[in-house]
Amino acid sequence: MNHAKRLLLANRAWSQEVSARDPGFFERLACGQQPRILWIGCSDSRVPAERITNAQPGELFVHRNIANLYTSDDGNTSSVIEYALHALHVEHIVICGHHHCGGVRAALTAPSDSLPAVNRRIAGLRELAERHRDALNAIDDIEARVDRLVELNVIEQVRLLRESPIVRSAPHRPALHGWVFGLRQGLLTSLTDAGEAPQPVKLLRDAA
Ligand SMILES: [Zn+2]
């Protein structure tokens, strides 16, 4: 069976299972959404927002892109944030990065000629790496270096969002959270203080 067909079959089984457990579930789902959280995560297949947080349909308003980046000139990300804040009135924004991120790793290597869109997308990430060049170069292990940039990137995206007009003009200012997902343990860790001001970067590898 091909992979796409398997998904369709799995969906049928899931729908039947949910209906059996909660007959009114899909009727309620069709009435509208009122998510309290906007999740901005990486597109990486290993970090599915709802699955790793045990969230149900309707709980998370989700946007994912390579390396969980926000830039004010990105109409796609901006439209999601605008709708979340100005129409859905979400109370929290979670920026979630993850260790072993391929997008972040790409920012530490030479640009690939075959990936021009990705190169444009991660230009800001390269600049961030350059700003922290000395600290990053002091880390011998390449995977540890990637993970450190992952964490720096989450902190940076929270800062950019906090200072963005789109957040500052929201009718209700959301709490901002910077999280990182550790693939080896399957655990989320907050890099920010209870959703308020980002802390001085205290890296997870340092604490371990
Ligand atoms: Zn990633």
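1. Rings of Phe, Tyr and Trp (for Trp, the six-membered ring) count as a pair if their centres lie within 6.5 Å; planes under 30 degrees apart are stacked, over 60 edge-to-face, and the rest tilted. By this criterion the structure holds 4 aromatic pairs.

2. This is a predicted model, in which local features need pLDDT of at least 70 and side-chain atom pairs count only at pLDDT 80 or more, while totals for chains, interfaces and linings use all residues. Residues are numbered from 1 along each chain as its sequence is written, and side-chain values use heavy atoms, with hydrogens and water left out.

3. Among the pairs is Trp14 with Phe26: the ring centres are 5.4 Å apart and the planes at 75°, so the pair is edge-to-face. Trp14 lies in helix 1 (residues 3-21) and Phe26 in helix 2 (residues 25-30), 12 residues apart; helices (H or I, at least four residues) and strands (E, at least two) are DSSP runs numbered from the N terminus.

4. Phe26 also pairs edge-to-face with Phe25, at 5.1 Å centre to centre and 90° between the planes. Trp14, Phe25 and Phe26 form one aromatic cluster.

5. Phe25 is buried at 13% relative accessible area, whereas Trp14 at 36% and Phe26 at 25% are partly exposed (buried: under 20%; exposed: over 50%; partly exposed: in between; 1.4 Å probe, protein chains only).

6. The zinc ion is coordinated by Cys42 (SG), His98 (NE2) and Cys101 (SG), at 2.1 to 2.3 Å. Donors are N, O and S atoms within 2.8 Å of the metal (3.2 Å for Na, K and Ca); water is not among the atoms, so sites may look incomplete.

7. The donor spacing in sequence is C-x55-H-x2-C. Cys42, in strand 1 (residues 37-42), and Cys101, in the loop between strand 3 (92-98) and helix 5 (102-106), are 59 residues apart. Cys42 is buried at 7%, and Cys101 is buried at 1%.
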